[in-house]
Amino acid sequence: NCAPLVQSIQETNNSPALSAYPNPASDEVVISWASSEDVSFTQLSVFDIAGQEVRTERVNPDADKVIISKDGLTAGVYFAELRNETVAVSRTIITFQ
């Protein structure tokens with residue numbers, strides 16, 4: 001019996017909205033969110049279009065943005081997931097070579 005490849009994430013009203021810029025990007029993308037005392041993120045994961053995790057980085061819990069470098073990523077569509085112990089929020093990123 002195999003575990004499902006994709007799990008659903010229920011978005012709640014207290015999950016901060018993410019923005020990605022520039023999008024599309026050539027060298028790096030900035031992921032930003034409205035800072036909140038209620039939510040802080042501790043981990044960033046980047047997934048390719050097939051759902052494979054291609055990068056994981058720690059995030060400063062006091063930050064309100066993180067920069068994703070294109071280093072090691074090929075041209076294509078990626079999904080960034082910011083998370084902590086209770087919240088996960090995803091945003092599509094388009095990266096060109």
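I count a residue as buried when its relative accessible area is under 20%. I also keep in mind that this is a predicted model.

**Overall layout**

I looked up the secondary structure first. I found zero helices and seven strands. Read from the N terminus, the order is β-β-β-β-β-β-β. Next I checked burial across the chain. Of the 97 residues, 32% are buried. I then noted the accessible surface, which is about 6,600 Å². Carbon and sulfur atoms hold 47% of that surface. For contacts with a separation of 6 or more, I see that 52% join residues 24 or more positions apart.

**Aromatic rings**

How many aromatic pairs does the whole structure hold? My search found one. The partners are tryptophan 33 and phenylalanine 41, arranged edge-to-face. I noted 5.2 Å centre to centre and 90° between the planes. I class this as edge-to-face because the angle is over 60 degrees. Are the two residues buried or exposed? Tryptophan 33 and phenylalanine 41 are both buried.

**Nonpolar core**

I went on to the largest nonpolar core and found 20 residues in it. Trp33 and Phe41 are among those with the most contacts inside this core, along with Ile31, Leu44, Ile68, Leu82 and Ile93. Which strands supply at least two residues each? I listed S1 (18-21), S2, S3 (43-48), S5, S6 (76-83) and S7 (88-95). As a general note, nonpolar side chains in soluble globular proteins tend to be buried together.

Leaving out residues up to four places away in sequence, leucine 44 touches Arg55, Thr56, Glu57, Val59, Val66, Ile68, Ala80, Glu81 and Leu82. Two of these contacts, Ile68 and Leu82, I had already written down for the core.

I followed the side chains along S5, residues 65-69. They alternate. Val66 and Ile68 point to one face and are buried. I then checked pairing: S2 (residues 28-33) and S5 run antiparallel over five bridges. In one of the bridges, valine 30 is partnered with isoleucine 67 of S5.

**Cis peptide bonds**

Last, I looked at omega. Most peptide bonds are trans. The bond from tyrosine 21 to proline 22 is cis, with omega near -15°. The bond joining asparagine 23 and proline 24 is also cis, with omega about 15°. Where does proline 22 lie? I place proline 22 in the loop between S1 and S2. Proline 24 lies in the loop between S1 and S2 as well.

How values were computed: Residues are numbered from 1 along each chain as its sequence is written. This is a predicted model: local features need pLDDT of at least 70, side-chain atom pairs count only at pLDDT 80 or more; totals for chains, interfaces and linings use all residues. Side-chain values use heavy atoms; hydrogens and water are left out. Helices (H or I, at least four residues) and strands (E, at least two) are DSSP runs, numbered from the N terminus. Buried means under 20% relative accessible area, exposed over 50%, partly exposed in between (1.4 Å probe, protein chains only). Contact means heavy atoms within 4.5 Å. Accessible areas come from the Shrake-Rupley method with a 1.4 Å probe; for residues, only the protein chains shown count as cover. Rings of Phe, Tyr and Trp (its six-membered ring) pair if their centres lie within 6.5 Å; planes under 30 degrees apart count as stacked, over 60 as edge-to-face and the rest as tilted. Two strands pair if DSSP finds at least two bridges between them. A nonpolar core is a set of buried Ala, Val, Leu, Ile, Met, Phe, Trp, Tyr and Cys residues joined through side-chain atoms within 4.5 Å.
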